[in-house]
Amino acid sequence: QKLMSVYATQHTRMSTLDYTDTTSSTPCDFVQDAKSFEVDIGEGQEDTSEVHRLIDIVESEKHLDEMSSFGEPPPPIPEKDHYPMCIVWAPIPVLSWFLPIVGHLGIATSNGTIHDFAGPMTVLKSATRTGFGTPTKYWRVQMRNLRNTTGSPGGVLSAWDESIEYASAEFEHKMHNLIMNNCHSHVATALNRLEFRDITYWNTALLIVYMCIFSKYVSFGRFLRTWLGFFILCSVFLTITMLISS
């Protein structure tokens with residue numbers, strides 16, 4: 001009962017705390033409060049998992065604030081499919097077997113939620129995956145490359161999130177086609193609003209090129225998932241060619 005009372009009190013404080021107000025408790029103070037409550041409960045008594053969860057939440061917010069002050073987004077955690085402020089890529093079955101550099105593109109908010117234009121008037125939002133599964137490649141965005149963020153009162157992180165929400169709201173009313181109005185167009189709309197890398201003409205072709213140059217594979221297994229279909233097709237083609245020529 002004491003634990004639940006502590007959690008309810010701290011949860012209320014967390015929901016109303018203004019981290020930008022220097023007269024309020026800081027996230028660091030807040031974590032110390034939660035830890036002191038944990039000590040009060042005592043060892044061998046109630047389960048402290050809820051208090052630990054509260055501490056994790058607040059420390060995550062504190063980490064986000066610290067990273068913002070250094071001008072960098074929170075780091076991605078590929079092993080957990082967590083990609084805050086990243087552009088992510090997943091292969092499209094059959095299409096990516098023939099053209100491995102062409103796939104499905106999504107863009108993640110500052111908290112790691114992936115937005116991707118997956119079909120007519122459909123923008124999916126997920127913490128770990130796109131409409132074609134978990135990403136196999138990601139491109140981490142550097143805050144210093146976002147030029148047009150002055151219109152957002154919440155700073156760079158807020159400007160990034162607002163641009164993604166704007167693009168998603170727009171594409172929720174658009175039809176999807178493979179060439180002119182696709183997942184890359186959705187990502188390009190968000191990047192153009194931010195003048196990412198001083199470019200205001202992001203498009204499908206440019207994003208394909210930049211993803212080839214700057215993206216990283218999540219793991220060796222995801223690398224195989226990206227290229228295995230292409231390797232198999234090449235092997236089959238070479239085998240047939242050799243049989244015919246012989």
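Student: Which strands does helix α8 lie across, and at about what angle does the helix run to β1?
Tutor: This is a predicted model, in which local features need pLDDT of at least 70, side-chain atom pairs count only at pLDDT 80 or more, and totals for chains, interfaces and linings use all residues. Residues are numbered from 1 along each chain as its sequence is written, and side-chain values use heavy atoms, leaving out hydrogens and water. Helices (H or I, at least four residues) and strands (E, at least two) are DSSP runs numbered from the N terminus, and angles, from 0 to 180 degrees, are taken between N-to-C directions of axes fitted to C-alpha atoms, for helices over the stretch in contact (heavy atoms within 4.5 Å). Helix α8, residues 220–245, lies across β1 (86–91) and β6, and its angle to β1 is about 50°.

Student: In what order do the six strands form the open sheet?
Tutor: Two strands pair if DSSP finds at least two bridges between them. The edge strands, each pairing on one side only, are β4 (122–126) and β6 (216–217). With antiparallel pairing, the order is β4-β3-β2-β1-β5-β6.

Student: Which residue in β5 is the bridge partner of Ile87?
Tutor: Four bridges pair β1 with β5 in the antiparallel sense. The partner of Ile87 in β5 is Trp139.
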